[in-house]
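Here is a short report on selected residues and surface patches. Keep the sequence and the 3D view at hand while reading.

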Amino acid sequence: GRREYLYEILQKATDLAYDGWMIESHVRPDEAWSDAAQQITPPELVALAQKIVQRAPSSANADFIGKLQDMRMQIDWIDDQLVDLLAQRMKVSDDIGEQKKVNNVAILQSHRRNELLQKALDKGEAAGFAPAFIEELFELIHQESINRQTKIMNE
C-alpha cells in the first residue's frame with residue numbers, strides 16, 4: 001500500500017460501483033505499527049472522501065445516447081479492422097515461419113524483436129500511449145507470432 005495512490009484507486013472503485021472502501025487511518029500514519037505507508041490521517045480521509053466524484057451509471061439525455069451510439073459503432077468498426085490487420089500480420093508471420101523451417105533458422109530473432117519493440121514504443125509515445133501499454137500489446141502480438149512459428153517448425 002502507498003497512500004499516494006488512494007485517490008486514483010478510490011475513484012476507480014467508485015466508478016465501478018464497488019460496495020465500499022477499506023482505508024486505514026491513523027493520527028500519525030508514519031508511526032503506525034503496521035501498514036504505515038498506506039495510512040492517512042483522519043482529516044486527510046475526510047478530504048479524500050469529499051474529493052471522490054459520484055458518477056451516474058447512465059444518462060437519459062437523448063443527444064448523449066445518440067452520440068455515444070455513433071461513437072461505439074466507430075469503435076466496433078475499428079476493432080474489426082484491428083482483428084483483420086492482426087490476421088494479415090499473422091499470415092506474414094506464418095510465411096516467415098515456413099521460410100525459417102526450410103532454411104533451418106531459429107524462430108526467435110532477438111535483434112529483430114528489439115527493433116520492432118523500439119519502433120512500436122517510439123510510435124506509441126508519439127501517439128500518446130503509455131509505454132507499458134505498447135510494450136504489453138507488442139509482447140502479446142510477438143508471442144502469438146512465436147507460437148504460430150513454433151507450430152509450423154514442429155509440423
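Beyond its neighbours within four places in sequence, Ser59 is in contact with Phe64 and Ile65. The model is predicted. Ser59 sits in the loop between helix H2 (42-51) and H3. Its relative accessible area is 33%, so Ser59 is partly exposed. Ser59 and Asn147 are 88 residues apart in sequence. In space, their C-alpha atoms are 44 Å apart.

**Other loop residues**

Thr41 belongs to the loop between helix H1 (6-15) and H2. Thr41 counts as buried because its relative accessibility is 18%, and the cut-off for buried is under 20%. With neighbours within four places in sequence left aside, its contacts are Ser25, His26, Val27 and Pro29.

Ala17 also lies in the loop between H1 and H2. Ala17 is not a glycine, yet its phi is positive, at about 60 degrees. Asn104 is not a glycine either, and has a positive phi of about 55 degrees. Asn104 is placed in the loop between H3 and H4. Ala17 is exposed, with a relative accessible area of 59%. Asn104 is exposed too, with 71%.

The table collects accessibility for several residues.

| Residue | Relative accessible area | Class |
|---|---|---|
| Thr41 | 18% | buried |
| Ser59 | 33% | partly exposed |
| Leu82 | 45% | partly exposed |
| Ala17 | 59% | exposed |
| Lys119 | 60% | exposed |
| Asn104 | 71% | exposed |
| Gly124 | 4% | buried |

**Helix H3**

Helix H3 covers residues 62-102. Lys100 is found in this helix. Which side chain of opposite charge is nearest to Lys100? That is Asp94, 11 Å away. Lys100 is buried and has no salt bridge. A salt bridge would need a side-chain nitrogen of Lys or Arg within 4 Å of a carboxyl oxygen of Asp or Glu. Not counting residues up to four places away in sequence, Lys100 touches Val105, Ala106, Ile107, Gln109, Gln149 and Met153.

Leu82 is another residue of helix H3. Together with Trp77 and Ile78, Leu82 forms a nonpolar patch on the surface. The three share about 330 Å² of accessible area. Leu82 itself counts as partly exposed because its relative accessibility is 45%.

A negative surface patch is made up of Asp76, Asp79, Asp80 and Asp84. One of its residues, Asp80, is placed in helix H3.

**Helix H4**

Which residues form the positive surface patch? They are Arg89, Arg112, Lys119 and Lys123. Helix H4 (residues 110-126) gives the most to this patch, with three residues. Lys119 lies in helix H4. At 60% relative accessibility, Lys119 is classed as exposed.

Is Gly124 buried or exposed? Its relative accessibility is 4%, so Gly124 counts as buried. Gly124 is found in helix H4 as well. Apart from neighbours within four places in sequence, Gly124 is in contact with Phe129 and Ile134. Gly124 and Glu135 are 11 residues apart in sequence. Their C-alpha atoms are 9.3 Å apart in space.

Definitions and conventions: Residues are numbered from 1 along each chain as its sequence is written. This is a predicted model: local features need pLDDT of at least 70, side-chain atom pairs count only at pLDDT 80 or more; totals for chains, interfaces and linings use all residues. Side-chain values use heavy atoms; hydrogens and water are left out. Patches are made of residues with over 30% relative accessible area and no salt bridge: like charges are joined within 9 Å, nonpolar side chains (Val, Leu, Ile, Met, Phe, Trp, Tyr) within 5 Å. Accessible areas come from the Shrake-Rupley method with a 1.4 Å probe; for residues, only the protein chains shown count as cover. Lys and Arg count as positive and Asp and Glu as negative; His and the chain ends are not counted. The place of a charge is taken as NZ of Lys, CZ of Arg, CG of Asp or CD of Glu. Helices (H or I, at least four residues) and strands (E, at least two) are DSSP runs, numbered from the N terminus. Buried means under 20% relative accessible area, exposed over 50%, partly exposed in between (1.4 Å probe, protein chains only). Contact means heavy atoms within 4.5 Å.
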